[in-house]
Amino acid sequence: MSVGSLSKCYWGGLRVGWLRASPHVVAELAELRATVDVSGSVLDQLLAVSLLDRADGWLADRVDQVRRGRQALVTAMERHLPHWSWRLPPGGLSLWVDLRRPVASALAERALAHGLRIGGGARFGAEPGLYENRLRIPYTLPPSVLEEAVCRLGAISASGPPLGSGTAGSRNEWVA
């Protein structure tokens, strides 16, 4: 079975996707879906058809745009936060940074106070604290914005009390 969507190719708010599987599996999933809802947004589906009809020109430009953003983010990270570690992803829209300590929520909260909204990895895990040592940084914004964001992250992580030292709002002690 494989699953895909238009959200990365076009934009995140377009929640239209597809499923490839054997006819038997597709029939079972369609029956299950009917018990949950009738269908997705018709307007979104019509928009998806229109975009897919023009995918030849649009998709190559989008891939180039995302790759430029990824490179801009990596370059900024190497310049401002060389002690953080990450792996260059082969796809997707975000760079996952390993902070080596469970401080992602505290760092995200501190960043918000400085006008920078970033998602600490714990927000993306099923269990509290699961990815508390990771920061998810999207590279979908223009390179100049990414450079400024990483510059601010560097200043934020170096200022104030040490992260993870019981600062107000730290969520790394939450237990479910």
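Helices (H or I, at least four residues) and strands (E, at least two) in these legends are DSSP runs, numbered from the N terminus. Welcome to a predicted model, in which local features need pLDDT of at least 70 and side-chain atom pairs count only at pLDDT 80 or more, while totals for chains, interfaces and linings use all residues. Residues are numbered from 1 along each chain as its sequence is written, and side-chain values use heavy atoms, leaving out hydrogens and water.

**View 1. Tyrosine 10 and tryptophan 58 form a stacked pair.** The structure holds three aromatic pairs (rings of Phe, Tyr and Trp, the last by its six-membered ring, with centres within 6.5 Å; planes under 30 degrees apart are stacked, over 60 edge-to-face, the rest tilted). Here the ring centres of tyrosine 10 and tryptophan 58 are 5.6 Å apart and the planes lie at 15°, so the pair counts as stacked. Tyrosine 10 sits in the loop between strand S1 (2-5) and strand S2 (17-20), and tryptophan 58 belongs to helix H3 (residues 55-80), so the pair ties together parts 48 residues apart in sequence. Tyrosine 10 is buried, at 5% relative accessible area, whereas tryptophan 58 is partly exposed, at 39% (buried is under 20%, exposed over 50%, partly exposed in between, with a 1.4 Å probe and protein chains only).

**View 2. Tryptophan 96 meets phenylalanine 124 edge-to-face.** Their ring centres are 5.6 Å apart and their planes stand at 85°, so this is an edge-to-face pair. It links distant parts of the chain, 28 residues apart: tryptophan 96 in strand S4 (residues 94-98) and phenylalanine 124 in the loop between strand S5 (119-120) and strand S6 (134-138). Tryptophan 96 is partly exposed, with a relative accessible area of 30%, and phenylalanine 124 is partly exposed at 37%. Look for Tyr131 too: ring pairs link Trp96, Phe124 and Tyr131 into a cluster.

**View 3. Helix H4 crosses helix H5.** The axes (lines fitted to C-alpha atoms over the stretch in contact, with angles from 0 to 180 degrees between N-to-C directions) of H4 (residues 104-112) and H5 (residues 143-158) come within 10 Å and cross at roughly 115°. That makes H4 roughly perpendicular (65 to 115 degrees) to H5. Leu107, Arg110 and Ala111 in H4 meet Leu153, Ile156 and Ser157 in H5, where contact means heavy atoms within 4.5 Å.

**View 4. Arginine 100 has a positive phi.** Most residues other than glycine have a negative phi. Arginine 100 is not a glycine, yet its phi is about 65°. You will find arginine 100 in the loop between S4 and H4, where this residue is exposed, with a relative accessible area of 55%.

Definitions and conventions: Angles under 35 degrees count as roughly parallel, over 145 as roughly antiparallel, 65 to 115 as roughly perpendicular and the rest as oblique.
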